[in-house]
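I opened the notebook to look up a few things about side chains. The sequence and structure come before the entries.

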Amino acid sequence: MFNKDKGVLICANKFATAKELMERIQLAYELLPSWLKLGCKEYNKGRLVFENDSKIEISATSASSARGKSGEILIIDEAAHIPEKLMQEFIQSVLPIVSSRTNAKIIAVSTPNGVGNWYSDTYHRALYNMSEDGWKAFRIDW
């Protein structure tokens with residue numbers, strides 16, 4: 001809301017999970033005091049567009065879910081639960097979008113789902129400072 005023409009894309013392992021995240025974002029927006037709220041041009045279950053043309057969009061993770069979109073922040077929710085082949089195709093499709101922006105960030109979030117998947121491998125490389133592509137690891141315990 002405080003930056004003009006910025007984009008956030010939230011992809012999850014299932015559309016229902018992405019929709020739930022959008023509902024939480026919309027609730028947080030609704031609970032903001034009126035003096036802090038920016039008006040909305042679009043407000044629906046899959047997209048939130050503010051008056052300053054910044055937007056938040058959701059999608060289920062697929063090989064083409066980010067094609068044609070632009071943004072500075074990509075959030076991948078439940079990344080460890082996305083099938084490996086699909087995750088590899090998805091990452092290949094979003095890297096050109098994100099890498100074209102100078103301040104772009106990818107945030108991959110997940111509950112654990114064993115080892116040997118993209119999320120586990122990326123997390124452990126970052127945790128042990130072995131990431132060649134800039135990933136940083138953060139652990140948040142509930």
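I looked up Y119 and Y123, and both are buried. I note for every entry here that the model is predicted.

I then asked how many aromatic pairs the structure holds. The count is four. I looked at the pair of Y29 and Y43, which is tilted, with 6.2 Å centre to centre and 45 degrees between the planes.

I checked the accessibility of each partner. Y29 has 11% relative accessibility and counts as buried, while Y43 has 37% and counts as partly exposed. The cut-off for buried is under 20%.

I went back to Y119 and Y123. Their ring centres are 6.3 Å apart and their planes are at 15 degrees, so this pair is stacked. The cut-off for stacked is under 30 degrees. Both residues are in helix α3 (residues 118-127), and because they are four residues apart, about one helical turn separates them.

I returned to Y29 to see what else involves this residue. Y29, Y43 and F50 form one aromatic cluster. I also found the charged end of K37 over the ring of Y29, 5.3 Å from the ring centre.

**Cysteines**

How many disulfides does the structure hold? I found zero. I looked up the accessibility of two cysteines as well. C11 has a relative accessible area of 0%, so C11 is buried. C40 has a relative accessible area of 30% and is partly exposed.

Which residues make the nonpolar surface patch of about 200 Å²? I wrote down I73, I107 and V109. I then looked up where I73 is placed, and found this residue in strand β5 (residues 73-77). I73 has a relative accessible area of 31%, so I73 counts as partly exposed. A residue needs over 30% relative accessible area to be part of a patch.

Methods: Residues are numbered from 1 along each chain as its sequence is written. This is a predicted model: local features need pLDDT of at least 70, side-chain atom pairs count only at pLDDT 80 or more; totals for chains, interfaces and linings use all residues. Side-chain values use heavy atoms; hydrogens and water are left out. A disulfide is a pair of cysteine sulfur atoms within 2.5 Å. Buried means under 20% relative accessible area, exposed over 50%, partly exposed in between (1.4 Å probe, protein chains only). Patches are made of residues with over 30% relative accessible area and no salt bridge: like charges are joined within 9 Å, nonpolar side chains (Val, Leu, Ile, Met, Phe, Trp, Tyr) within 5 Å. Accessible areas come from the Shrake-Rupley method with a 1.4 Å probe; for residues, only the protein chains shown count as cover. A salt bridge is a side-chain nitrogen of Lys or Arg within 4 Å of a carboxyl oxygen of Asp or Glu. Helices (H or I, at least four residues) and strands (E, at least two) are DSSP runs, numbered from the N terminus. Rings of Phe, Tyr and Trp (its six-membered ring) pair if their centres lie within 6.5 Å; planes under 30 degrees apart count as stacked, over 60 as edge-to-face and the rest as tilted. A charge sits over a ring if NZ of Lys or CZ of Arg is within 6 Å of the ring centre and within 35 degrees of the ring normal.
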